[in-house]
Amino acid sequence: MSAIESVLQERRVFAPSEQTVAGATVSGMDAYKALCAEAERDYEGFWARLARETLTWQKPFTKVLDESKAPFYTWFEDGELNASYNSLDRHVEAGNGERVAIVFEADDGTVTNVTYKDLLARVSRFANALKKRGVKKGDRVVIYMPMSVEGVVAMQACARIGATHSVVFGGFSSKSLNERMVDVGAVALITADEQMRGGKALPLKNIADEALAMGGCEAVHSVIVYKRTGGKVAWHEGRDHWMHEISAAESDTCAPVPVGAEHPLFILYTSGSTGKPKGVQHSTGGYLLWAAQTMKWTFDHKPNDVFWCTADIGWITGHSYIAYGPLTIGATQVVFEGVPTYPNAGRFWDMIAKHKVTVFYTAPTAIRSLIKMAEADAKVHPKSYDLSSLRILGTVGEPINPEAWVWYYENVGGKRCPIVDTWWQTETGGHMITPLPGATPLVPGSCTLPLPGIMAAIVDETGQDVPNGQGGILVVKRPWPSMIRNVWGQPERYKSGYFPEELGGTLYLAGDGSVRDKDTGYFTIMGRIDDVLNVSGHRLGTMEIESALVANPLVAEAAVVGRPDDTTGEAVVAFVVLKATRPQGDEAVKLANDLRAWVGKEIGPIAKPKDIRFGENLPKTRSGKIMRRLLRSLAKGEAITQDVSTLENPAILDQLGESL
Ligand code: WT7
C-alpha cells in the first residue's frame with residue numbers, strides 16, 4: 001500500500017501577540033521546547049513531577065510507569081487519591097469555597113451560580129444517598145442525564161465513593177442505553193424526568209424505563225431521577241427515587257474514598273466504526289493529571305478566566321473539560337443546557353458576552369453551521385455582540401478546514417485570540433497534539449505540535465517512520481498517563497485494536513491519517529484511515545478535498561466519500577451544503593461543474609469529484625461527526641439499511657441520494 005498523499009498547502013501563519021506570550025503559562029517556543037526536552041531526558045521523572053505538582057495524593061506514589069504487562073500499562077500504581085477531593089474539597093480547604101465553580105445557563109436563559117462550597121455540599125449529600133442505596137466502591141453506575149449541574153454532581157458523587165460511572169449521552173435511544181447498561185454491568189441508573197433542548201422537552205425517564213424493560217440489566221437496583229421539568233413519568237415504587245428527595249435527607253459531608261491511581265474512574269462508550277460499542281476504560285490518577293494539566297497548558301488557564309466548553313457531558317470532551325479538568329484546577333466555568341440555535345443562532349455569542357467568557361471551546365461542525373446562519377442574518381453574526389472578553393478559542397472533534405478557522409479567528413476572536421485546534425480522542429483522555437496559545441505560531445487547519453511528553457509520530461503500514469511531508473498513520477510511541485487502560489471486558493479488542501502486531505505491537509494506533517509539514521513538523525489530520533480514498537492509485541484523505549470545497553465562497557459544508565469506479569478504482573463523490581438555498585435543476589448542474597473545476601484548481605485533477613450532490617444539510621452523528629458510512633451507501637445508490645433514528649432531518653437523505 002502506498003502512503004497517503006497530501007495535496008493541500010496552507011501557508012498562512014498567525015503568531016501569538018507579544019502580550020499573549022508574555023502572560024502565558026508556557027511562554028514562547030523555547031519554554032515549550034524546554035518541557036519537551038525534560039520529557040525526553042527523563043520521561044518518568046517528568047510525569048512524576050507533574051503528577052505531584054498538579055494533584056493532591058492521599059498516599060504518594062513511589063512507582064511511575066510500569067510497562068511489565070504491556071500494552072496494559074499502569075501509572076502511579078501504588079499512589080492513592082480521590083478525584084472528587086481533588087475537584088472540590090481542596091479548593092474549599094484553600095479558602096476558595098466562595099469562588100463560582102459553575103455558571104449554569106438553562107435552555108430558557110435562566111442562570112444559576114454554584115460555588116465550590118455549594119457544589120461540595122451537593123456532591124456529598126448525593127454521594128451519601130448513593131451509599132445508602134448500596135452503591136459502593138467498584139460498582140458501575142450509568143448516568144443518562146441532560147446537561148445540568150445535577151449531571152456533574154452525579155459524576156462527582158460516584159467518584160467520591162469510588163464507584164465507576166458510565167455516562168450515556170442523553171440523545172441515545174433506549175436500545176443504545178440498554179446495551180451499555182448490560183455491557184458495563186450497572187447497579188444503578190441516574191436519569192432525569194425530561195430534558196429541555198431548544199424549547200422542547202424530551203422524555204428521558206420514559207426512554208430509561210424502556211431500556212430497563214429490555215432486560216439484561218436486572219442488576220440495576222436503583223433508578224434515581226433528577227426532576228428537571230416536572231413532566232409526567234411512570235414510577236416503580238422501591239426502585240425509583242427522586243434525586244432531590246434522597247439528597248435532602250443526607251448530611252452535607254461525606255468522606256472521599258481514596259482509590260488506587262489505576263482504579264477506573266469511568267467507562268465511556270465510543271461507537272467505533274463497526275460492531276458493538278467499546279467501553280473505553282480510564283484510570284483515576286493518570287486521567288485526572290492530564291485533564292488538569294491540559295487546562296493549564298492548552299487553555300493557559302488563569303484565576304480570572306471564565307471557561308466555557310460547549311460539549312455534552314456524554315462525550316469525553318465533557319468529561320475532561322467540564323466534569324473534571326476545570327474543577328480539578330479550581331476554575332469558573334459556564335455549563336449550558338441548550339443548543340446553539342435557540343432561541344436563535346446568536347446564542348453562543350450572546351452567552352459569551354453575558355458571562356464574559358474568556359476561553360471558549362467548541363466543535364468545527366458548530367462553527368460551520370453558525371457561519372452559514374450568521375452570513376444569512378446579521379442579527380446573529382458574532383460581530384453584533386461584544387465578544388471582547390475572549391482571549392483564547394479552541395476547537396475539537398474533527399479537522400477544522402482553514403476557511404472556517406479564519407472566519408472563527410476574525411469574527412469571533414477579533415483577530416486577537418489564538419485558536420487551539422486540539423487533536424485527541426476518547427481513548428487519549430485529554431489533548432495530545434495542539435498549539436499552546438502563548439507559544440505556537442498557528443497555521444489554519446493544523447493541530448501543530450504534540451504536547452510535552454506526548455510522543456506522537458507518523459508511520460507507514462509496517463510501523464516505520466515516514467519523512468515529513470509524506471502522509472501516513474498517526475501513532476503514539478510511548479504510553480502516557482491518561483491513555484485508555486482497557487476496552488471494558490474485552491482485553492483482546494484493546495490489544496489488537498490499539499497496539500496491532502502489524503505495527504510491531506508497541507505503537508498506539510490512533511486510526512487517523514496525518515502528515516507533518518516539511519519545514520515546521522506541524523501535524524495535519526487527514527481523516528480516519530478507514531475513510532481514505534484510492535483514486536487511480538492515489539491515496540487521498542477526505543479532509544483535504546472537503547477543505548478545498550469549503551474554501552469556495554458559496555459552500556458552507558462538504559463531505560466526500562469514495563465510490564467504486566471501473567476506471568479509477570474509486571471515484572470521489574462530494575456532498576455539498578451551500579450557504580444559500582439548495583440549488584436544483586440546471587442551476588445545480590452548473591454549480592457542480594464550477595465546483596469540480598474549483599477542486600481541480602485547488603488540489604489537482606485527480607481530486608475532482610466525479611459526482612456532486614447538494615443537500616440542505618449533512619447526516620451527522622449525535623456528536624456532530626459526518627456519517628460517512630451512510631454517504632457511501634448513498635453514493636453507490638444503495639438503499640439505506642442503517643439505523644437513522646438519530647438523524648435530525650431524515651428527509652435530507654432523499655436530497656443527497658439524487659444524482660444530478
Ligand atoms: C477522533 C476522536 C476528542 C474529543 C471529541 C472526539 C477526530 C478530534 C480533532 C482535531 C482533526 C480531530 C479524529 C479523532 N478529531 N479532534 N482537532 N482535528 N480531527 O472524540 O469521538 O473519540 O473522536 O476525532 O479523527 O481520532 P472521539
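K200 sits in strand β11, which covers residues 200-202; helices (H or I, at least four residues) and strands (E, at least two) are DSSP runs, numbered from the N terminus. With a relative accessible area of 59%, K200 is exposed. Here buried means under 20% relative accessible area, exposed over 50%, and partly exposed in between, using a 1.4 Å probe and protein chains only.

## How to read the model

This is a predicted model, in which local features need pLDDT of at least 70 and side-chain atom pairs count only at pLDDT 80 or more, while totals for chains, interfaces and linings use all residues. Residues are numbered from 1 along each chain as its sequence is written, and side-chain values use heavy atoms, with hydrogens and water left out.

The domain assignment gives domain 1 (47-90 + 113-294 + 311-328) and domain 2 (536-657), with bounds that come from an automatic or database domain assignment. The C-alpha centres of domain 1 and domain 2 lie 38 Å apart.

## Backbone details worth a look

D300 is another residue other than glycine with a positive phi, here near 50°. D300 belongs to the loop between α10 (285-297) and β17 (306-309), and is buried, with a relative accessible area of 3%.

Two cis peptide bonds can be inspected too. One joins A70 and P71, with omega about 0°; P71 is in the loop between β2 (65-66) and β3 (74-75). Another runs from Y342 to P343, with omega near 0°, and P343 falls in the loop between β18 (332-336) and α12 (347-355).

## S547 and its contacts

S547 is part of helix α16 (residues 542-550). At 4% relative accessibility, S547 counts as buried. Leaving aside neighbours within four places in sequence, S547 is in contact with L8, N401 and P402, where contact means heavy atoms within 4.5 Å.
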